[in-house]
Amino acid sequence: MAEQSAELESTELESTEQADTEPTRLIHAAGISYFPIAFVARLPFAMMVVGVLTLVVAARGSISLGGITSAAVGLGTALVGPLLGLAVDRFGQRSVVLVAAIGNSLALLAFAWAAFAPVPDLVLLGVAFLVGATAPQVSPLSRSRLVGIIATRLPRGIRAKTINGTMAYESAADEVVFVFGPVIVGLLATTMNPAAPIIGAAVLTMIFVTAFAFHKSARIAPDNATDAVAPAPLRALLRPRMLVVLLGVLGMGLFFGSMLTSLTAFMGEVARAEEAGLLYGVLGIGSAILALSVAAFSPRFSLRARWLVFAGALTAGSALAATATTIPVMLIALALAGIGVGPTLVTAYALVAARTPHGRSATAMTMAGSAIIVGQAISSATVGLIAENSGAQLAQLAPLCAALIVLAAGVANWFITSRATDAATAGVPTAGVPTPVRPQLSPVGELG
């Protein structure tokens, strides 16, 4: 009897010690080194489309071929990206991401060679497709990994607060890389060689995406291969409430590509094309700051209301940009549009996380990531052709069209989602746990 009592006391002591050592912050659960590695690892993905366009135009002297080649990259991402997510949901991130990193590095190097080699344009398009198809998509996989860690490693009471802060940080990080990725491409292409951005992306992929694959956080996140609960059927990802969010994310990708391309054309007409990247930075910096501030929003400011408010700011800024004829007016337009970009992305990804069925986190996040890169590729190619054939003024209407798509998706989401459902599911990391929980939203997000 005394021995049983001693064993019981020992067990209780071990449980208490385990509870005391349980991480209470995401930065401790994932590891401090995770965030800088994941940040740099997503940069090659942001450099691909613009880098391919820049290289083809320089090597082949055809902007139309450059646009088509960029679209081929987007097509590869669109078709294979979600399959990569399916593989991650089935086998875990480590092995799938490692294979993708090796394949993407080789594809990028092959493209850098093929652009100047005497090969047919069709071969170049095929290699571009492989570049998009093998893209590791660190950004959506990072979201999926962190959602899984939050759902399984952190105390239930802080999960909603942490997921809000995490989505805010991830969207701000995306903003930074999608704004400064093209800037880096321009700097490397002008100071070194048109192939330098593609070769640089290959090197970054091999080093940092591999580090992302081997990081200890890949073991911490849930693995469906050992999950006793079967993943939800794929058709669960095709429900209207998920598709409307993906449409909004696609609209954001269209906005990114069309705004950068039309802004370049606009600055070219005022003989200051080299400053387009600097002006574009006005959009990104303000957007990143506001994306981080989303974590401090009141829970009374529902997700569906946030979408409408900030998509409205995005549309207003795009409308002003469409009529801009001077640099000061364009700067005001970019600053206004930037108010809407970051918070809209945060809201969209929070909805993706909340609405993802069990066991399909990586698939859903890669679908969203693919939507952005596809939108960017399509709009970059299309708006480039419009600018070349019809001038910058017509090209400046393209960001407004993209913003209207985002706003229309927000309106559709308003009618699809009731306020009660919005409040109950916003910020809940449902995809990583068999039985979703619904903690209340907190006005303050927390990354660590």
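Me: pLDDT is the predictor's confidence in each residue, from 0 to 100. Over residues 424–448, how many contacts beyond four places in sequence does the model have?

Reply: 78, with contact meaning heavy atoms within 4.5 Å. Yet pLDDT stays under 50 over residues 424–448. This is a predicted model, where local features need pLDDT of at least 70, side-chain atom pairs count only at pLDDT 80 or more, and totals for chains, interfaces and linings use all residues. Residues are numbered from 1 along each chain as its sequence is written, and side-chain values use heavy atoms, leaving out hydrogens and water.

Me: And what about contacts for residues 6–20?

Reply: The model has 0 of them beyond four places in sequence. Here too, pLDDT stays under 50.

Me: What does the protein chain average?

Reply: A pLDDT of 77. At least 70 is reached by 80% of the residues.

Me: Which elements score lowest and highest?

Reply: Helix α1 (residues 2–21) has the lowest mean pLDDT, 45. Helix α18 (residues 398–416) has the highest, 93. Helices are DSSP runs (H or I, at least four residues), numbered from the N terminus.

Me: New topic. How far does α8 reach?

Reply: Helix α8 covers residues 138–153, 16 residues in total. From first C-alpha to last it reaches 21 Å, close to the 22 Å expected at 1.5 Å a residue. The expected span is 1.5 Å times one less than the number of residues.

Me: Why is α8 called largely enclosed?

Reply: Because 14 of its 16 residues are buried. Buried means under 20% relative accessible area (1.4 Å probe, protein chains only).

How values were computed: Helices (H or I, at least four residues) and strands (E, at least two) are DSSP runs, numbered from the N terminus. Buried means under 20% relative accessible area, exposed over 50%, partly exposed in between (1.4 Å probe, protein chains only).
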